[in-house]
Amino acid sequence: MMYFARWKTAAIILVCLLGTLVSLPNLLPRAAFPEWVPVRQISLGLDLRGGSYLLLEVDTSVLLRERLEGLVEGTRRGMTQANPRISYTGLSAQPDQRRMSLRITEASQRDAALRVVRELANAVNVGGGAQQPDIEVAINAEGLLTATVTEAGLRAKATSAVEQSIEIVRRRIDETGVVEATIVRQGLNRILVQLPGVEDPDRIKNLLGRTARMTFHLLDEAVNTQAATPPPGIMFLPGERAGERYPVRRRVEVDGANLTDARASQDSRTGEWVVNFTFDSVGTRRFSEITRANVGRPFAIVLDEKVITAPNIREPITGGRGQISGNFTVRSANDLAVLLRAGALPAPLTVVEERTVGPELGADAIRAGIISLAVGVAFVFLYMGFAYGLFGWFANVALAINIILLIACLSLLEATLTLPGIAGIVLTLGTALDANILINERIREEVKNGRSPINALEIGYTKASGTILDSNLTNLIAMACLYGFGSGPVKGFAVTVAIGTIVQMWTATVVTRLLVVWWYRWRRPKELPVLEKPGLSFFQRLARPLFRLCPDVTKIPFMRGAVAGLVVSGVLSTASVIGAFYPGLEKGIDFKGGIVMEVRTQGPANINALRAATATLGVGDVGLQQFGDESTLLIRVPAPAQEAQTQQVVSTVRGALEAAAPGIRIMRVEAVGNRVSDELFRGGLTALGLSLIAMLIYIWVRFEWQFGVAAISTLLLDTTKTIGFMVLFQIEFNLTTIAAILTVIGFSANDKVVVFDRMRENLRKFKTMPLQELTDLSINETLNRSLGTSVTLLLSALPLALFGGDTLAGFAWVMVFGIFISASSSVFIAAPIVLFSGRNSLRRGELEPVAPKGQTAIR
């Protein structure tokens, strides 16, 4: 273990150098490198550089309705053109039943009617190269013919619509000039759009929210537009002006899909803004035929079920060019041209989640993250150096390499660094040193037992390696659950912590060992600098520990307080569970939906004026509170009943604020619909539940069942008390605090695994020692390690709480509280559960009651 072949040494150095080279490009902008250089860099998330995050949902119900309407029109046309004409009644679509139905009046025509409808079916792939019709056609004895859209047909249409929508969304955004936009599919019918640098996403949302389906129809002038319902084959559509109503034929004469270009310009005669369009060859021919056959008749241009204009055809139009006029401004004309050039969406898109951050707030977040990282690094480095001397400084070198390799891995993945990601890096500082603390404490223990320097080093690294693996795997389990069920930046946090955990296992067990081997070969010491020694110079003292959190040998009878610890823990957890329901957790926008806006006024905010401006909007109870300084406010608006109205509410509140306080700046907007918040809430709770189950299974397999039960029981109690802390201090329960709770669970399991590992070792070592004494012995032997890890994690989490800004304050304080709870629960909950459950199995036949303080146990 303490020998390195030359090739191994070279490989370790090569990995460190490559990691440094891969990390260095992050110090320069991408433009500083030639195009041909394959540079990979970490990009900043929207919460750090500003921009907008939009989650769009494709309305698949429209696809079903359009398919059924197409079946109705096709059936009507087919029945009329059949020879002889087929008689029918009651032709209609029933979207709630996914079917179209009609009744055939002549029994002799039923077979012909079935053939007509079956010809309207489209073939869809069902896997394995097989195809089937997208509709099921049937007729009963009474002549009721139905055509039902199949599940496979609807799924195929939805998949095609989402893929087509992604391409159209990309074209529309490219037309606006936004660079580095991210457009990806999420789930079955959602599209994630990230727009860096976009402060006001309203224009983008308006462009993306419009279907922009343009069609050309003839009007039926004989129809009475005042009728309650239109006749068959006709639809009443509104015009641009209030009260306008047009009798538009359902038949599409020319489709906007045949457009090749559309440009905004000014009419040379009137000076008004118009949109000129050009057809392809198919559209040109069709447009020419229609206008030639209908000279003198009105021809409607329909955009998203609204008649833009309906001029009379004065002469045949054969050039394939046309013009749309209306009350356009330069911006609305350009926007319409963008929509027509990009193409029509197959179905409407609804913004179900929005998160917008201004660049000023992003700069504040970067500054807060850098300060937190710098302070955390300084605290942790100083603690390790002063607490463990030379080997602590070696651990600091490994920690620096760990951060470099973490950045290199994120660069290779071209990851997006968010504020939670910075929090993940800061927390990696604390958890990364856990392995080094384990190794150093083990080496110190072996030295005190009289081992020679080389034997102490060998045994220290060998015996600590198993515990390091067990403790870090529990943390990886928590991060895997968080990644699987988290969302957005929280997934980035999970990836950052997971990579940091894997890398630190390598740096702690390999890099530090290489440094120790080099030092040992160079100095050939007669003793290791792991114990305090008086009479040394300043620099000699720096190579040795300057302080200990507690004495090396302690004989604290922890198990005398076992019953009291369990009772107190049970009472606190019960109170926490009650508090979670009444008064209840303060759910954040992630989990209850709604709208949150952070605004900043030019001077001190006039809360009363702003409250009065938003009170009469009819959007629910709008809450305003000071947030940070006196010019910054946090505004909360409840989620509207219908998700489609969320963006309208955002615009309404924004307009009222700008009218009441001219010059007000919108720093941040978060809007989450009810369905999305429910999904995020279920995902967060699922991540918590699965992480607990996975850790139970792992600890059960690695240890005895008593340890597994103790671990999961303790983790549940730790979790409930953490939730009670959030209720008590009204910390928001959101995705970020879920990440904090899962991190606490990972650390808590880590801490318990170390104690359990020592108990397992002592069970084999002291076969006759009573279990109560053995439990106390194991806790005392690992006390410095447990406290050391808690301190390093605390030193990295405290800067986040103090300097990380309001966004990460809740996350960091939950972490700080969780560290204290986890450290105490290992001693006063987990160990007593193992003690009480293992009396007759870990120590067979032993009846060992726990003696009250001041009394002797009867054995």
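Predicted model: local features only at pLDDT ≥ 70, side-chain atom pairs only at ≥ 80, totals over all residues.

Q: How many helices and strands does the protein chain have?
A: The secondary structure of the protein chain comes to 23 helices and 25 strands.

Q: And what box do the C-alpha atoms fill?
A: Roughly 110 × 65 × 65 Å, taken along the principal axes.

Q: What share of the contacts comes from residues 24 or more positions apart?
A: They account for 73%, counting contacts in the protein chain with a separation of 6 or more.

Q: Charges next. How many positive and negative side chains are there?
A: The protein chain has 86 positive and 75 negative side chains. The centres of the two sets lie 7 Å apart.

Q: Let's move to helix 18. What does it span, and what would be expected?
A: Helix 18 covers residues 674–702, which is 29 residues. From its first C-alpha to its last it reaches 42 Å. That is close to the 42 Å expected at 1.5 Å a residue.

Q: Which residues of helix 18 are buried?
A: Val-676, Ser-677, Leu-680, Gly-683, Gly-684, Ala-687, Leu-688, Ser-691, Leu-692, Met-695, Tyr-698 and Ile-699.

Q: Where is Ala-694, then?
A: Ala-694 is in helix 18 too. Its relative accessibility is 26%, so Ala-694 counts as partly exposed.

Q: How far is Ala-694 from Cys-481?
A: In sequence, Ala-694 and Cys-481 are 213 residues apart. In space they are 9.1 Å apart, C-alpha to C-alpha.

Q: Which peptide bond involving Asn-83 is cis?
A: The one from Asn-83 to Pro-84, with omega near 0°. Pro-84 sits in the loop between helix 3 (60–81) and strand 3 (88–94).

Q: And what joins Tyr-582 and Pro-583?
A: A cis peptide bond, with omega about 10°. Pro-583 lies in helix 14, residues 562–584.

Q: Phi next. What is the value for Arg-524?
A: Arg-524 has a positive phi of about 45°, although it is not a glycine. Arg-524 is in the loop between helix 12 (489–523) and helix 13 (538–542).

Q: Is Arg-524 buried or exposed?
A: Arg-524 has a relative accessible area of 57%, so it counts as exposed.

Q: What about phi of Gln-730?
A: Near 55°, a positive value in a residue other than glycine. Gln-730 lies in the loop between helix 19 (705–728) and helix 20 (735–765). At 43% relative accessibility, Gln-730 counts as partly exposed.

Q: Switching to rings. How many aromatic pairs does the structure hold?
A: The structure holds 19 aromatic pairs. One of them is Phe-287 with Phe-299, with ring centres 5.8 Å apart and planes at 45°, so that pair is tilted.

Q: Where do Phe-287 and Phe-299 sit?
A: Phe-287 is in helix 7 (residues 281–293) and Phe-299 is in strand 17 (residues 299–303). They are twelve residues apart.

Q: How are the rings of Phe-386 and Trp-393 arranged?
A: Their centres are 6.1 Å apart and their planes are at 90°, so the pair is edge-to-face. Phe-386 counts as partly exposed, at 29% relative accessibility. Trp-393 also counts as partly exposed, at 30%.

Q: Back to Phe-287 and Phe-299. Which aromatic cluster do they belong to?
A: Together with Phe-216, Phe-277 and Phe-279, they form one aromatic cluster.

Q: Last one. Where does Asp-335 lie, and what does it touch?
A: Asp-335 lies in helix 8, residues 330–342. Leaving out residues up to four places away in sequence, Asp-335 touches Arg-203 and Leu-207.

Q: Why does Asp-335 count as it does for burial?
A: Its relative accessibility is 12%, and buried means under 20%, so Asp-335 counts as buried.

Notes
Residues numbered from 1 in each chain as written. Heavy atoms only, no water. Helix = DSSP H or I, 4+ residues; strand = E, 2+ residues; numbered from the N terminus. Contact = heavy atoms within 4.5 Å. Lys, Arg positive; Asp, Glu negative; His and termini not counted. Charge placed at Lys NZ, Arg CZ, Asp CG, Glu CD. Expected span 1.5 Å × (residues − 1). Buried < 20%, exposed > 50% of the residue type's maximum accessible area, 1.4 Å probe, protein only. Phe/Tyr/Trp six-rings, centres within 6.5 Å; stacked < 30°, edge-to-face > 60°.
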